[in-house]
Amino acid sequence: MEGRASPPSASRARYVATVLCRGPVEPLIFLANFALILQGPLTTQYLWHRFSADLGYNGTRDRGSCGNHSANPTMQEVETLTSHWTLYMNVSGFLVGLFSATLLGAWSDCVGRRRLLVLASFGLLLQALVSIFVVQLQLHVGYFVLGRILCALLGDFSGLLAAGFASVADVSSSRSRAIRMALLEACIGVAGMLASLLGGHWLRAQGYANPFWLALALLIAVTLYAAFCFGETVKEPTHARLFTFRHHRSIVQLYVAPAAEKSRKHLALYSLAIFVVVTVHFGAQDIFTLYELSTPLCWDSKLIGYGSAARYLPYLTSLLGLQLLQYHLADTWVAEIGLAFNILGMVVFAFATITPLMFTGYGLLFLSLVTTPVIRAKLSKMVLQSEQGALFSAVACVNALAMLTASGIFNSLYPATLNFMKGFPFLLGAGLLFIPAILIGMLEKANSQPEFQRFPPSP
């Protein structure tokens with residue numbers, strides 16, 4: 001597969017300026033993630049209260065009385081049902097997304113990023129609409145699974161991210177790529193933090209329905225922005241069939257096509273590293289709300305909102321940390337520092353029985369997210385310009401597999417360990433993070449050049 005020729009510096013600068021004038025991808029990702037995160041904790045809490053009502057459990061979760069229900073079998077059944085239905089939603093969506101996100105991501109290398117952004121945004125819109133029907137009409141919670149599948153068929157948030165990161169790679173230089181990747185991830189984090197703060201307060205004030213309506217309105221705006229305002233970053237889009245195995249073959253060729261052996265090995269090992277990091281990240285995300293709702297923490301919706309916001313604050317602090325640390329350290333060491341703080345945070349969560357200790361764990365995660373933009377930037381520099389969509393759809397596939405693995409492990413392990421150590425899944429996550437730390441160190445030691453590329457740098 002041949003890459004498009006890199007334009008001269010002046011021409012490239014004009015091209016980037018044109019893209020930015022039309023509309024960058026960051027606002028789109030920001031609003032989409034705001035809508036998505038606004039729904040996430042609310043869905044978990046809705047499932048909790050729905051199963052509590054069905055089973056006749058009316059135990060309070062305030063700090064004064066929650067501890068008296070630590071051995072209540074009905075409460076444990078509510079926790080188990082909520083955890084299992086979260087697993088069903090995640091598994092159904094991620095299995096469908098394994099096919100659709102990879103297909104659409106490679107397709108965007110030909111037809112441009114806009115079409116994928118529109119399809120994925122519309123899928124998120126449909127999921128929000130189904131959630132509104134479930135909440136307003138008290139439909140069976142299985143319809144949440146249907147909404148998840150509809151969203152995944154059109155690319156899901158993984159497809160949206162694949163197009164977003166590929167568009168950043170289209171217009172950024174090798175030197176600035178890690179920061180641009182971190183900036184896009186910071187947009188995700190700030191959106192998540194604001195949505196979490198709003199969602200907790202809004203739920204207490206007005207219930208579940210209105211936050212879902214806001215998410216729907218935002219996703220309508222996101223879809224319209226993608227269709228009419230986004231500046232296409234693929235310089236020369238061409239017509240291409242969607243339903244063809246050629247798009248999936250282009251992803252496979254990234255790892256098996258003839259190239260320097262070191263490039264293939266590095267692509268595979270960096271993909272494995274990001275797989276483990278994402279597995280731990282999303283596995284912990286899946287059980288945080290349940291962990292905080294139940295004894296001994298017994299948080300209400302307001303504290304759930306603060307905790308959810310604290311989980312997204314590292315997206316912003318990691319961006320600032322990456323900018324500062326890059327002046328003094330190589331990207332590899334920055335990634336290792338991020339993993340170290342991530343491990344410390346997971347260990348604290350495992351033994352957190354009081355609210356201050358839980359927020360201490362969140363504080364230790366302030367540099368935990370510098371690892372993923374560093375790895376994404378390294379991967380992006382190893383492939384041709386015409387392979388960026390295929391690469392980031394492959395990364396989306398890795399993410400989807402990681403999320404599926406995370407849901408299977410953490411949502412199944414959490415109810416199984418309630419009786420002897422509720423925080424054991426966090427301890428497992430801390431141990432797993434030593435794998436990417438070792439891999440990144442080995443690759444840095446084996447690599448004689450600071451950055452390895454399969455193609456010469458753009459002028």
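The legends below describe close-up views of a predicted model.

**View 1. Overall fold of the chain.** The predicted chain contains 17 helices and zero strands. Of its 459 residues, 58% are buried. Among contacts in the chain with a separation of 6 or more, 85% join residues 24 or more positions apart.

**View 2. The largest cavity.** Seven cavities of 30 Å³ or more are found in a search of the whole structure, and the largest has a volume of about 1,200 Å³. Its lining consists of 48 residues, and those closest to the centre are Leu-36, Ile-37, Phe-282, Asp-286 and Tyr-312. Helix α2, spanning residues 26-55, gives the most to this lining, with eight residues. By residue class, the lining of the largest cavity comprises 21 nonpolar, 21 polar and six charged residues.

**View 3. The second largest cavity.** The second largest cavity holds about 100 Å³ of space. Thirteen residues line this cavity, with His-281, Gln-285, Met-346, Leu-365 and Ser-368 nearest its centre. Two or more lining residues come from each of α10 (261-293), α11 (301-325) and α12 (331-350). Helix α10 provides the largest share, five residues. The lining of the second largest cavity is made up of eight nonpolar residues, four polar residues and one charged residue.

**View 4. The largest nonpolar core.** This core has 134 residues, of which Leu-160, Met-358, Phe-392 and Phe-426 touch the most other members. Helix α10 gives the largest share of the core, 13 residues. With neighbours within four places in sequence left aside, Met-358 is in contact with Phe-288, Tyr-291, Glu-292, Leu-297, Trp-299, Phe-349 and Ala-352.

View 5. His-266 is found in helix α10. This histidine counts as buried because its relative accessibility is 2%, under the 20% limit. When residues up to four places away in sequence are not counted, His-266 touches Met-382, Leu-443 and Asn-447.

**View 6. The loop between α10 and α11.** Pro-296 lies in the loop between α10 and α11. A cis peptide bond joins Thr-295 and Pro-296, with omega of about 10 degrees. Cys-298 is found in the loop between α10 and α11 as well. Although Cys-298 is not a glycine, its phi is positive, at about 60 degrees. Most peptide bonds are trans, and most residues other than glycine have a negative phi. Cys-298 has a relative accessibility of 5% and therefore counts as buried.

**View 7. Asp-156 in helix α6.** Asp-156 is found in helix α6, which covers residues 156-171. Its phi is positive, about 65 degrees, although Asp-156 is not a glycine. At a relative accessibility of 6%, Asp-156 falls under the 20% limit and so counts as buried.

**View 8. Cysteines Cys-151 and Cys-229.** Cys-151 has a relative accessible area of 0% and is therefore buried. Cys-229, by contrast, is partly exposed, because its relative accessible area is 34%, which lies between the limits of 20% and 50%. A disulfide is a covalent bond between the sulfur atoms of two cysteines. With a cut-off of 2.5 Å between cysteine sulfur atoms, the count for the model is zero disulfides.

Notes
Residues are numbered from 1 along each chain as its sequence is written. This is a predicted model: local features need pLDDT of at least 70, side-chain atom pairs count only at pLDDT 80 or more; totals for chains, interfaces and linings use all residues. Side-chain values use heavy atoms; hydrogens and water are left out. On a 1 Å grid over the protein atoms alone, a cavity is a set of points where a 1.4 Å probe fits but cannot get out, and a pocket is an open set with protein on both sides within 12 Å along at least five of seven lines; lining residues have an atom within 4 Å of a point. Grid points are joined across faces, edges and corners, and a volume is the space filled by probe spheres set on the points. Helices (H or I, at least four residues) and strands (E, at least two) are DSSP runs, numbered from the N terminus. Ala, Val, Leu, Ile, Met, Phe, Trp, Tyr, Cys and Pro count as nonpolar, Asp, Glu, Lys and Arg as charged, and the others, Gly among them, as polar. Buried means under 20% relative accessible area, exposed over 50%, partly exposed in between (1.4 Å probe, protein chains only). Contact means heavy atoms within 4.5 Å. A nonpolar core is a set of buried Ala, Val, Leu, Ile, Met, Phe, Trp, Tyr and Cys residues joined through side-chain atoms within 4.5 Å.
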